Amino acid sequence: MTQYELLKTTESLLSVLSKNNIDANDVKYLELYGEYRRLKDEGHKVCYIVHYLSEQYNCGVATVYRVVKRMEQAIE
């Protein structure tokens, strides 16, 4: 398969991503956000969750907050 064939096959999905300014590289944060949602559903405080996740995923607290904000954006 060539790059063109892959892009053509996923054209509609990629158009939605582009229209909503979604960076495809955010796929690396899916596990982090999934864990954030699980911990929030369990009733943990956001500041504790963010601190825990920043240590678990070896990233800054601000990064976790940015990821959460991006993942919670509504899609048009």
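## Packing of α3 and α5

In this predicted model, helix α3 (residues 30-41) and helix α5 (residues 61-71) have axes that come within 10 Å and cross at roughly 85 degrees. α3 is therefore roughly perpendicular to α5, a class that covers angles of 65 to 115 degrees. Axes are lines fitted to C-alpha atoms over the stretch in contact, and angles run from 0 to 180 degrees between N-to-C directions.

From α3, the residues Leu30, Leu32, Tyr33 and Tyr36 meet Val64, Val67, Val68 and Met71 of α5; contact means heavy atoms within 4.5 Å. By class, this contact holds 8 nonpolar, no polar and no charged residues. Leu, Tyr, Val and Met count as nonpolar.

## Chain overview

The protein chain has 5 helices and 0 strands, in the order α-α-α-α-α. Helices are DSSP runs (H or I) of at least four residues, and strands (E) of at least two.

The radius of gyration, taken over C-alpha atoms, is 15 Å, whereas a compact globule of 76 residues would have a value near 11 Å. That rule is 2.2 Å times the number of residues to the power 0.38. The C-alpha trace spans about 45 × 25 × 20 Å along its principal axes.

Of the 76 residues, 21% are buried, meaning under 20% relative accessible area with a 1.4 Å probe.

## Basis

Residues are numbered from 1 along each chain as its sequence is written, and side-chain values use heavy atoms, without hydrogens and water. Local features need pLDDT of at least 70 and side-chain atom pairs 80 or more, while totals for chains, interfaces and linings use all residues.

Conventions. Parallel < 35°, antiparallel > 145°, perpendicular 65-115°, else oblique. Buried < 20%, exposed > 50% of the residue type's maximum accessible area, 1.4 Å probe, protein only.
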